[in-house]
Amino acid sequence: MTRVIKYVFYDILRTRFILLYTLFLLLCTIAMFQLDSDTGKVILSLMNIVLMVVPLISIVFSTIHFYNSYEFIELMLAQPVDRKVIFLGEYFAVAFSLSLSILAGVGIPMMLYGADASGFTLLYAGVMLTLVFVSLAFLSSVLTRDKAKAIGVALLFWFYFSLIYDGLLLWITYTFMDYPLERLTLTLISFNPIDMARILMLLQLDISALMGFTGAFYKNFFGSSTGMIFSTAVLFAWIVMPVVIAARVFNRKDL
Amino acid sequence: MISIQQLRKNFGRLQALKGIDVEFRSGKSYAMIGPNGSGKTTLIKSILGMVIPTSGEILVDGENIRHHWSYREKIGYMPQIGQFPDNMRIGQLLDMIRNIRQHPPAVDEELVEAFQLNAMLDKRMHTLSGGTRQKVSAALAFLFSPPVLFLDEPTSGLDPLSVEILKEKIVHEKERGKLIVITSHILSDLDELTTDVVYMHEGTVKYNNSLETLKEVTGEQKLGKAIANLMRSVSAQHPRIHKSHEKLNTIVL
Amino acid sequence: MKIIIIHSIVLLLSIALCSATTIIVDPAGKTKTITAGIRQASTGDTVRVTAGTYREGNIIISKSLVLQGEGKPVVDGEFKTEIFTIDARHVTITGFVIRNSGMSSVKDLAGIGSIGMDFITIRRNEFINTFFGVHLANSNYSVVEQNTFRGELRGEIETGNGIHLWQCSNSAIRDNYIAGHRDGIYFEFVTRSVVNGNVSENNHRYGLHFMFSHDDEYHDNTFRNNGAGVAVMYTRNVKMINNIFEKNWGNSAYGLLLKDINDSEVSHNRFVQNTIGIYMEGTSRTTFVRNLFQRNGYAIRLQASCDSNDFRENNFMSNTFDMATNGTLVLNTIDKNYWDKYEGYDLNRDGIGDVPFRPVNLYAMIVERVPTAVLLWRSFLVFLIDRAERVFPAVTPENLKDNYPSMKAYDLHPTT
């Protein structure tokens with residue numbers, strides 16, 4: 001496995017895209033720290049990048065990469081290598097390089113300018129979202145042979161999770177506002193990884209507002225470490241499930 | 001030895017392989033022949049595990065290959081069109097494959113040298129001509145001296161000199177008792193290289209016997225002509241085409 | 001008023017030093033109980049109580065004297081009675097550990113209680129598990145300072161207030177630490193008094209509960225993590241300066257609740273991480289100057305019943321929502337504040353933004369109606385909704401705005 005990861009990783013580095021992505025994050029983060037002396041505000045602006053741009057880049061890049069790796073995958077398949085190893089090797093290499101971009105691009109300036117717990121949560125959310133969206137990209141890649149279609153599906157995933165889903169959720173909460181909706185909304189929110197990452201950040205930035213809730217349920221959830229553990233668990237599920245399904249599909253796929 | 005039993009493969013509604021029974025024995029060299037779309041590449045890819053059969057079994061040295069992968073250590077594969085990661089250099093590619101194969105029995109760099117690939121180790125794959133890619137592909141297939149070789153259109157795109165080098169190598173390996181399966185449209189090449197003929201048509205094996213027998217039966221000296229005869233007789237089996245070549249029909253499976 | 005207090009202390013000290021005798025209470029000595037010590041003493045004497053545990057039920061102090069604990073003697077009420085009842089003017093109690101008072105739903109049993117007696121000083125005592133800590137009624141010129149109050153065993157209903165003053169005037173409550181009571185400090189009909197330097201935290205209801213108490217001042221206190229924060233109600237002319245209100249979390253928890261307050265001043269306070277920084281209704285002619293509102297759910301919730309208030313030079317930073325209101329008519333001035341959410345520009349570089357800032361956020365109004373919707377805060381969707389509202393204000397009150405928003409945060413050093 002490590003050998004496969006190593007070669008895919010080298011291959012990704014050679015395309016220079018990762019380098020550009022890292023540089024983009026680096027410049028954005030440094031610029032924000034330069035423009036604003038209030039760390040809290042910087043974290044807030046960075047949060048928008050992490051919640052919007054990182055999933056988009058991750059899912060599109062991973063999908064394109066997967067299709068560009070067909071040659072490599074075919075080459076590997078003729079060798080005495082397990083299919084799962086090839087697939088997971090691809091996954092880990094892509095996930096690793098994109099995560100590295102975030103850690104370097106956002107993490108290093110944070111270290112230099114100094115950041116508090118919310119900064120680290122942001123970094124963590126960024127890495128988790130990267131992993132989730134690489135997972136989703138791999139899933140959409142194995143579902144169709146057509147590269148354009150797969151990129152379309154990937155973009156749809158992104159659009160759905162960053163906008164459409166929340167719109168539906170808002171509509172539901174507004175329509176059924178007279179009913180106790182705490183459990184339902186929290187359940188529904190966990191079906192969206194971007195929302196889950198956002199909740200992690202809200203726990204850092206807006207805990208005072210979250211604690212203003214009527215229900216003891218919310219209070220327990222947000223007041224203790226339960227919220228942190230829950231959202232982390234859900235994000236993990238979001239990483240593991242698509243990639244496991246994708247690996248199973250890939251295992252039975254004709255190449 | 002590779003033994004294939006009742007192998008079927010459907011791509012959606014298309015039946016690419018319709019229940020194939022065939023055996024490839026060590027020490028023999030097979031010409032796999034058939035019109036385009038007759039299922040040759042699908043069969044080879046099934047054996048390599050790249051295509052997952054709908055039903056049926058494939059045994060390599062008596063071991064079912066389903067859910068296995070280590071048997072591929074025994075197989076060298078030269079695909080119809082060699083696809084390689086664009087950004088890799090030839091040298092890196094060779095290193096990588098060497099690295100991936102953990103315990104190769106022996107490294108056979110004869111073709112690497114004969115094709116003079118050593119002089120271009122720094123070239124990136126996407127800068128290579130089709131012929132050079134074929135050379136790399138061939139060199140990789142033979143690199144670990146595997147007991148089984150699948151060569152899918154090995155000579156296409158190669159210059160005459162390289163074709164000769166490759167043929168010599170194939171003959172040499174055949175003489176060393178390896179199992180070789182070649183598909184090619186250039187039948188004159190196969191004439192020199194193979195001992196047996198597997199003829200496929202619309203997902204079934206229509207003929208599987210030695211080259212000698214085929215020539216004897218058809219009364220032709222050249223494989224090309226013999227095959228042409230064979231193809232005609234196979235088409236004749238189709239109900240809408242009038243029956244002829246009774247003699248051949250008897251040997252067609 | 002301060003002068004009077006100092007005078008009273010000087011007076012007490014001079015009495016103690018010049019003319020008084022000292023009676024020593026010692027469990028191993030001649031006078032074994034505090035009650036006996038008090039009986040032996042005459043007006044102006046000092047009763048010095050040495051280390052030990054004294055279980056004497058209700059101790060009534062009916063003479064003006066100084067009761068001084070040495071080596072932290074423990075006075076235990078065994079959960080039965082009020083511990084000290086002061087029934088004389090000019091009484092000082094200092095240096096005791098006062099614990100386990102009785103509890104009653106009829107009588108306000110306290111660690112130290114007094115009705116109608118002036119010039120009481122309660123200093124450097126530790127109150128542990130008292131129902132009420134200090135309970136003073138109709139008492140003027142009293143000082144409660146440097147005590148600690150910890151209600152550890154009891155729940156909200158079984159506990160009284162830490163420091164409870166009713167119908168008092170010219171009193172000083174300073175440098176105390178109060179935790180675990182119903183209200184940390186409770187003022188009702190207390191006038192011309194000062195509350196300063198106290199830390200009131202983890203109380204079940206309010207850190208400071210303040211009603212009908214005019215002309216008071218409280219400054220340099222910290223109110224932290226109390227059930228409902230601080231409530232100041234039905235009062236005029238109160239000065240709230242340089243206090244810290246923080247981490248008052250909950251659905252009806254406020255850093256500061258102002259209800260029917262007039263002609264008052266709220267300045268140089270720090271409201272940090274409260275569900276609502278200031279909740280105000282029926283408040284008028286009050287100035288809010290140079291306060292810091294940071295990381296609150298809502299910095300200010302301004303109900304429509306408030307008018308003629310002036311918010312000036314405050315810093316609003318990292319709050320989830322800066323302001324919320326329930327009406328459309330706004331009769332308050334909100335100018336020259338710093339808002340970290342302000343995105344305007346300053347072409348003439350005078351430090352004042354050229355376009356007004358609207359602190360009421362549309363999504364805050366949605367959350368007002370559907371609290372659950374707060375979970376979608378900071379999502380891309382909400383961002384878009386908010387942007388649209390900022391460009392075409394349709395729902396948010398038109399005239400609730402800061403016309404001269406500061407481009408830079410004010411430097412709000414705590415005043416000392």
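This is a predicted model: local features need pLDDT of at least 70, side-chain atom pairs count only at pLDDT 80 or more; totals for chains, interfaces and linings use all residues.
1. Where chain A meets chain C, 31 residues of chain A are in contact with 27 residues of chain C. On the chain A side, the elements that give two or more residues are α3 (39-68), α7 (147-175), α8 (182-189), α9 (193-205) and α10 (207-210) of chain A. Of these, α7(A) gives the most, with eight residues. Sorted by class, the residues on this side of chain A comprise 16 nonpolar, eight polar and seven charged.

2. Chain A also touches chain B, and here 20 residues of chain A are in contact with 19 residues of chain B. Two or more residues on the chain A side come from each of α1 (2-15) and α4 (70-77) of chain A, and the largest share, six residues, belongs to α4(A). The classes on this side of chain A are nine nonpolar, two polar and nine charged residues.

3. Chain B has an open sheet of six strands with mixed pairing, and the order of its strands is β6-β7-β8-β3-β9-β10. At the edges stand β6 (75-78) and β10 (204-210) of chain B, each of which pairs on one side only. On average, and with direction ignored, neighbouring strands of this sheet are turned by 15 degrees against each other.

4. Within that order, strand β3 (residues 29-33) of chain B pairs with strand β8 (residues 179-183) of chain B in the parallel sense, over four bridges. A reader who wishes to find this pairing in the structure can look for B:Ser29, whose bridge partner in β8(B) is B:Ile180.

5. Helices of chain B lie against these strands. Helix α1 (residues 40-48) of chain B lies across β3, β6, β7 (148-152), β8 and β9 (196-201) of chain B, and runs at about 145 degrees to β7(B). Helix α7 (residues 211-218) of chain B packs on the sheet as well, where it touches β9 and β10 of chain B, and its direction makes about 100 degrees with that of β10(B).

6. Chain B also has an open sheet of four strands, in the order β2-β1-β4-β5, and its pairing is antiparallel. The edge strands, which pair on one side only, are β2 (14-24) and β5 (63-64) of chain B. Strand β1 (residues 2-11) of chain B runs antiparallel to β2(B), and eight bridges join the two; B:Ser3, for instance, has B:Glu23 in β2(B) as its bridge partner.

7. In chain C, strand β25 (residues 229-236) takes part in two parallel pairings. Five bridges join β25(C) to strand β22 (residues 206-211) of chain C, and in this pairing C:Phe210 stands opposite C:Val232 of β25(C). Seven bridges join β25(C) to strand β28 (residues 254-262) of chain C, where C:Val230 stands opposite C:Leu256 of β28(C).

How values were computed. Residues are numbered from 1 along each chain as its sequence is written. Chains are lettered from A and ligands numbered from 1 in the order in which they are written. Two residues are in contact if their C-beta atoms, placed from the backbone, lie within 7 Å. Ala, Val, Leu, Ile, Met, Phe, Trp, Tyr, Cys and Pro count as nonpolar, Asp, Glu, Lys and Arg as charged, and the others, Gly among them, as polar. Two strands pair if DSSP finds at least two bridges between them. Axes are lines fitted to C-alpha atoms, for helices over the stretch in contact, and angles run from 0 to 180 degrees between N-to-C directions.
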